[in-house]
Amino acid sequence: VVLLLGDAGFREGEEGLGRSTWVRVRVVSTEEFLRRVQDRLARLRMRVTELEELQRQKQRLTRELIESLESDAPELAATATELNAVLAGQRRVGGDAEAVAPELAAITESVLYARVDDKAALLLEQMDAALARHIDRRFQYETWRDLSLGWRRGAAGGPGLAAQLARLLDLGLTIGLEDCRPASDALEQAGQSVDLTAIHAALVAASEHQARALTNIEDLLGRLAEWDNFQSILSLTRDILSRQKALMDRTKRQVREK
């Protein structure tokens, strides 16, 4: 069902009525809505898989620079060009990682506003109140981070659909803000240092952040895979139930006809 809303116009004697732009609203069944959510998460899973490979490559380069500094000729290792190359690569990882959170937030937001999870009333109330404070259309990292931290402390507990998405969002924000961004900062510090000891310490710190990023990326991939498998089973079960119902109806009709 498609509804076109807008162009209300002013009517004499009626307050609070104005002119708005046209809005196209498509009403779909819960099953169709969840299939679209599943498709979006499947596409996101492919992007996260690419992110994992990219982060693994950049960590390997960082480890090679650390090993060169720990060699017998550290003064010949870790040139400014090499440090800048690793930093540029990690910044690319960070950009890709920070693009994951807005997509997860958009999916979570759509599920909450669609009210397909009756256990998520508190999450919806908290999210709506937090987002209502902003008129900027840009993604509000700090707002979503605060929401995510609150949900992590227990507001998003339980096995519900929205709670699962909240945990995915929390992981996405952690990867972008707490793992990849500090890794880039540490590599930038290494590039600005002139002392070999300081460069080595900064590279070690960057490598540790990269390792945590990989751990969380693998965790996110595992959860996305579980989601995909679970939703596939649900879809198959719904299909079986629908066919079984159709078969029962057909059997009843044939019995009546006899």
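Predicted model: local features only at pLDDT ≥ 70, side-chain atom pairs only at ≥ 80, totals over all residues.
Biologist: What makes up the secondary structure of the protein chain, and in which pattern?

Modeller: The protein chain has seven helices and two strands. Along the sequence they follow the pattern β-β-α-α-α-α-α-α-α.

Biologist: Why is Val48 called buried?

Modeller: Val48 has a relative accessible area of 0%. Buried means under 20%, so Val48 is classed as buried. This residue lies in helix H1, which covers residues 30-69.

Biologist: Which residues are in contact with Val48, leaving aside its neighbours within four places in sequence?

Modeller: Val48 is in contact with Val100, Ile217, Leu220, Leu221 and Leu224. Contact means heavy atoms within 4.5 Å. As for Val100, it is 52 residues from Val48 along the chain, and the two C-alpha atoms are separated by 7.6 Å.

Biologist: Why is Arg91 called partly exposed?

Modeller: The relative accessible area of Arg91 is 45%. Buried requires under 20% and exposed requires over 50%, with partly exposed in between; Arg91 is therefore partly exposed. Arg91 belongs to helix H2, residues 80-98.

Biologist: What does Arg91 touch, not counting residues up to four places away in sequence?

Modeller: Arg91 touches Ser184 and Glu188.

Biologist: Why does Arg115 count as exposed?

Modeller: Its relative accessibility is 60%. The cut-off for exposed is over 50%, so Arg115 counts as exposed. Arg115 lies in the loop between helix H3 (100-114) and helix H4 (121-131).

Biologist: What is the phi of Arg115?

Modeller: Arg115 has a positive phi of about 55°, although it is not a glycine.

Biologist: How do you know that Arg256 is exposed?

Modeller: Arg256 has 62% relative accessibility. Because exposed means over 50%, Arg256 counts as exposed. Arg256 is found in helix H7, residues 196-257.

Biologist: Which residues gather with Arg256 in a patch on the surface, and what is the charge of the patch?

Modeller: Arg250, Lys252 and Arg253 gather with Arg256 in a patch of positive charge. Lys and Arg count as positive, so the patch is described as one of positive charge.

Biologist: How much of the protein chain counts as buried, and what is its accessible surface?

Modeller: Of its 258 residues, 37% count as buried. The accessible surface of the protein chain comes to about 15700 Å², and 52% of this belongs to carbon and sulfur atoms.

Terms used
Residues numbered from 1 in each chain as written. Heavy atoms only, no water. Helix = DSSP H or I, 4+ residues; strand = E, 2+ residues; numbered from the N terminus. Buried < 20%, exposed > 50% of the residue type's maximum accessible area, 1.4 Å probe, protein only. Patch = residues over 30% accessible without salt bridge, like charges linked within 9 Å, V, L, I, M, F, W, Y side chains within 5 Å. Areas by Shrake-Rupley, 256 points an atom, 1.4 Å probe, with all protein chains shown as cover. Salt bridge = Lys/Arg side-chain N within 4 Å of Asp/Glu carboxyl O. Charge placed at Lys NZ, Arg CZ, Asp CG, Glu CD.
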